[in-house]
Amino acid sequence: MITGELKNKIDSLWDIFAAGGLSNPLDVIEQMTYLMFIHDLDEMDNRHAKEAIMLGIPHNSIFKNEVQIGDRIIDGSYLKWSVFHDFPAAKMYSNMQENVFPFIKNLHGNKESAYSKYMDDAIFKLPTALLLDKVVTSMDEMYEHITQLKSADVRGDLYEYMLSKLSSAGRNGQFRTPRHIIRMIVDMMDPKVDDVVCDPACGTSGFLVEVSKYLKDNKLKELFNTKNKAHYMNNMFHGYDMDRTMLRIGAMNMMTHGIDNPSIEYRDSLSDQNPDKEKYSLILANPPFKGSLDYDIVSTDLLKVCKTKKTELLFLTLFLRMLKTGGRCACIVPDGVLFGSSNAHKSIRKEIIDGNRLEAVISMPSGVFKPYAGVSTAVLVFTKTGHGGTDKVWFYDMKADGLSLDDKRSPVNENDIPDIVSRFHNLEAEENRKRTEQSFFVPVDEIRENDYDLSINKYKEIDYIPVEYPSTLEIMTELRELEMKIAEEMDELQALLEL
């Protein structure tokens, strides 16, 4: 989690943008993302240069002595944050407009890459040199503070805090997925170096970035293999969204994390625009909730399985279609998916349980998505088999995620996430747990008997501790004694008043 001091710095930076004429939160995040990307390119290049010196190998800097910008050749050092941040305001502004921004727009050589596609229409929107100067100075202070914190995750947390300022949900009910919940899901699924990973509602590519970090942290040796590295760079990551600004941010996010050529595309995943069938081995997603679409824009393939206008149910149907046989999915769904009584709700639950293999239901408290949504949610984990295979389902009742469940989301000691990941990777030890515990198995036949209801309260048992109360006679006697005591003290008070 980021500190209060760092939050204050971001808030003051936000105020600088607003005072300078940029008040749309999405514009602010987009422009800050460009500037963060420019800063991080400089840092990344310096790091690679140091590593090359240590290894005794040549370093091909992206800021080489001369860089071509359109028809002009300029000094590459002018593109480095560490150089131009000392320029006078007017010179910095013209350098950003004429050199730096055109440079990052054309940074990726492959014109078909995700980065190139979504940077083509990127616009530098800071209106004045004075605003740019103030923003750069403020960002320098912010980065200095980040360096002092020495935390690997602080930049991701910073980005999540920025995104949390997008307080209003989108047309189809989109909202941000907290980073620690993304990390929990990725840790549970344990991605492999040969997985083909997709998020059909990727937003800023949070799930894809977390998978890349997980592989680097846990399977780095396997990534050194030439075949695996090529797959990791070019074919592993796929994401779709309908918001070009989010796609731009997502493409830069992936590139900053070392993924050269992810497949990040503009696509309505639920429509006939999406032809993907049996293509992916791992789907991780937090699809839009509470959306309602017209039948005529939804793929007919999906409506055959689950005739509904609800986006959360259509996305579950889509995941099954997009997964290879043996492919796995972990997705966040609103609680209504677990117990909804409509034919569409029941049919998709039945399909996941009887037609494939449902492995786990992790029930999350309603405060997890605050401050920008208070909906109760759960994580569903299932494998596509095409012929059933569910014999029992593991349930976990998450009560705390390490943060308070109010709008402030302050750090607290209670945190079930490490326990969830640990128990999920050791399900053999869960066999004998009682229904009164925080996690337990439920046989599939019992779920069928309950109309495929997957709400944990349907199966959880609560230990009621009997409380013994005094008898009515004892209570009346105690009241009489109190009454007598009050009368005595009233008499004493009356005597004092008469003196």
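**Entry 1: Met-142 and the cores**

I started at Met-142 and, skipping its neighbours within four places in sequence, found it in contact (heavy atoms within 4.5 Å) with Leu-6, Lys-9, Ile-10, Leu-13 and Leu-158. A note to myself: this is a predicted model, where local features need pLDDT of at least 70 and side-chain atom pairs count only at pLDDT 80 or more, while totals for chains, interfaces and linings use all residues. Residues are numbered from 1 along each chain as its sequence is written, and side-chain values use heavy atoms, with hydrogens and water left out.

Next I looked up the nonpolar core, a set of buried Ala, Val, Leu, Ile, Met, Phe, Trp, Tyr and Cys residues joined through side-chain atoms within 4.5 Å. Buried means under 20% relative accessible area, exposed over 50%, and partly exposed in between (1.4 Å probe, protein chains only). Met-142 turned up again: with Leu-132 and Met-139, it touches the most other members of the largest core, which has 48 residues. Elements giving two or more residues to this core include α1 (4-19), α6 (129-149) and α7 (154-163). Helices (H or I, at least four residues) and strands (E, at least two) are DSSP runs, numbered from the N terminus. The most comes from α2, with 10 residues. I also found a second, separate core of 47 residues, with Met-184, Phe-207, Leu-215 and Met-398 among them.

Which residues of α16 are buried? I listed Ala-344, His-345, Ile-348, Arg-349, Ile-352 and Ile-353. They sit on the same side of α16, because they cover an arc of only 160° around the axis (taken from the directions from the helix axis to the C-beta atoms). A handy reminder: an α-helix has 3.6 residues a turn, so residues three or four places apart point the same way. Among the elements covering the buried residues of α16 are α14 (311-322), β8 (357-364) and α18 (444-449).

Then I turned to α14. How many of its 12 residues are buried? I counted 12 of 12, so to speak a mostly covered helix.

**Entry 2: strand β4**

I found 5 of the 5 residues of β4 (residues 237-241) buried, so this strand is largely enclosed by the rest of the structure. Phe-237, Gly-239 and Asp-241 point one way, and His-238 and Tyr-240 the other way. Strands pair if DSSP finds at least two bridges between them. β3 (residues 197-199) runs parallel to β4, joined by 3 bridges, and Asp-199 has Gly-239 as its bridge partner. β5 (residues 263-266) also pairs with β4 in the parallel sense, over 4 bridges; here His-238 partners Ser-263.
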